[in-house]
Amino acid sequence: MARRKPDGYLGDKSLSPETLMMGYGYTPAWSEGALKPPIFQTSTFVFENSEAGKSFFSAAYGLREKGENEVQGLIYGRINNPNLEILEDRLTIWDNAEACTVFGSGMAAITTTLLTFLRPGDVLLHSNPLYGGTDHFIRHVLRDFGITQVEFTGADSREMIEHRLESANARGRLSMIYIETPGNPTNALIDIEMCSEIARDYSTDSKRAILAVDNTFLGPVYQHPIDHGADLVLYSATKYIGGHSDLLAGACLGSANLLQQVRAMRAFLGTMADAWTGWLILRSLETLKIRMEAQTQVATHIARYLAEHPKIARVYYLGFLTERDHDYAIYQKQCLGPGSMISFDIRGGEAECFRFLDALEIVKLAVSLGGTESLAEHPFSMTHCDVNDADKLDFGISPSLVRMSIGIENPDDIIADLDQALAAV
């Protein structure tokens, strides 16, 4: 049976994302009536005839434009796979995106997307702080490729940012604005709408500046960057989207035109996810909203406990923002909830943090985030160890900072674990 993407409606009623996560993009009749899509564990696909093979390849390589309702024919696992196609259709729902491309990891999504749109001589404007792996790729790899980087933080005004762009002679050269909001690990917010306006102002007839947003910390439930002017949304799908700490994946979403270019680069770099990973994420999407809501509820209890503890100097949690905070207006404009990422400064430094982390029993000492279990780590010496120490301090990543990803455990149990661990400090 020919594959056709469902329209997401019941009569005239538009169905909600949590409902569409159960079956959008798949029809049981395609697979012998199987309620859930099977795993298409194959590297290659058989063509019905030679003309079909020719047609599929010419469309995949951009040698011709596909018809209005034409779906890319199945060719080879490096190009497409039914599990990934169903997943990509389904992921577009949350972010109101036209298209999606799935990758083998979050870094695969980020690096492939950056390499798609950046060329030697281009300028990349990016926010700070960034995830350590992204920071390294921009500062060391892209710099070697002749990409000029201009940096800013959420505390910088638009005037300050544009002054730096002018100093870098960025007009006609700005190719991409890349932001991470909330920032890892401090939960610092960046104004997506402001960045979108800068991208438009610095675009020319011959060169369009693209705004890409890493939405891993809040998305896809609590923040929708495309609604605020983003061109591309990026995820480490390993985190909340996968949600069970048992897979690696990434995703890029946006317009069909931009994603066609990203997908072409993915095919040649070979950075796509595999069928098994796609199947696992389809499973995870069915519980995505209830998991993130439960994690946020638990995180709120944990953050209140930490804020009142005498050994905690400061808590960085979006749910605690008030009108006195710089990020409050941004949070009110573009965030739908605080999420479940908490960072906090322990009174002291690295030694005190290590004593706390080593004493934890329920909370696991590990990196990553967004899984059903609670995790804690030391960004200064772990996830962000490669970032220059002076820069880390400027971004609020000090030796006294601990980052926690809150799971779905009973909050009283987590608080009891934190209490006994803080007693060791």
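Modeller: The model is a predicted one, and the description begins with the chain as a whole. The protein chain has 14 helices and 14 strands. Its radius of gyration is 22 Å, which agrees with the value near 22 Å that a compact globule of 425 residues would have. Along the principal axes, the C-alpha atoms fill a box of roughly 70 × 55 × 40 Å. Among contacts in the chain with a separation of 6 or more, 73% are between residues 24 or more positions apart. Of the 425 residues, 53% count as buried. The chain exposes about 18300 Å², and carbon and sulfur atoms supply 53% of that area.

In soluble globular proteins, nonpolar side chains tend to be buried together. In this chain the largest nonpolar core has 42 residues, and Leu 91, Ile 281 and Leu 285 are those with the most contacts inside it. The elements that give two or more residues to this core are the helices α3 (82-95), α9 (275-285), α10 (288-308) and α11 (328-334), together with the strands β3 (99-103), β8 (232-236) and β9 (250-254). Helix α3 gives the most, with six residues. Leu 285 illustrates how parts of the chain meet here: leaving out residues up to four places away in sequence, Leu 285 touches Met 21, Leu 87, Arg 90, Leu 91 and Ile 241. A second, separate core has 27 residues, including Ala 299, Tyr 305, Tyr 317 and Ala 376.

Apart from neighbours within four places in sequence, Ile 346 is in contact with Lys 311, Ile 312, Glu 352, Cys 353, Phe 356, Ser 400, Val 402, Leu 422 and Val 425. Between the C-alpha atoms of Ile 346 and Phe 103, which are 243 residues apart along the chain, the separation is 36 Å.

Most residues other than glycine have a negative phi, and most peptide bonds are trans. Asn 96, in the loop between α3 and β3, has a positive phi near 55°. With 48% relative accessibility, Asn 96 counts as partly exposed. Asn 187 also has a positive phi, of about 65°, and lies in the loop between β6 (174-180) and α7 (192-201). Asn 187 is buried, at 5% relative accessibility.

The loop between β6 and α7 also holds Pro 182, which a cis peptide bond joins to Thr 181, with omega about -5°. A further cis peptide bond runs from Asn 128 to Pro 129, with omega near 0°; Pro 129 is in the loop between β4 (123-128) and α5 (132-144).

Finally, Asn 169 is found in the loop between α6 (158-167) and β6. Asn 169 counts as exposed because its relative accessible area is 52%, over the 50% limit. The C-alpha atoms of Asn 169 and Val 123 are separated by 8.7 Å, although these residues are 46 apart along the chain.

Notes:
Residues are numbered from 1 along each chain as its sequence is written. This is a predicted model: local features need pLDDT of at least 70, side-chain atom pairs count only at pLDDT 80 or more; totals for chains, interfaces and linings use all residues. Side-chain values use heavy atoms; hydrogens and water are left out. Helices (H or I, at least four residues) and strands (E, at least two) are DSSP runs, numbered from the N terminus. The radius of gyration is taken over C-alpha atoms; the globule rule is 2.2 Å times the number of residues to the power 0.38. Buried means under 20% relative accessible area, exposed over 50%, partly exposed in between (1.4 Å probe, protein chains only). Contact means heavy atoms within 4.5 Å. Accessible areas come from the Shrake-Rupley method with a 1.4 Å probe; for residues, only the protein chains shown count as cover. A nonpolar core is a set of buried Ala, Val, Leu, Ile, Met, Phe, Trp, Tyr and Cys residues joined through side-chain atoms within 4.5 Å.
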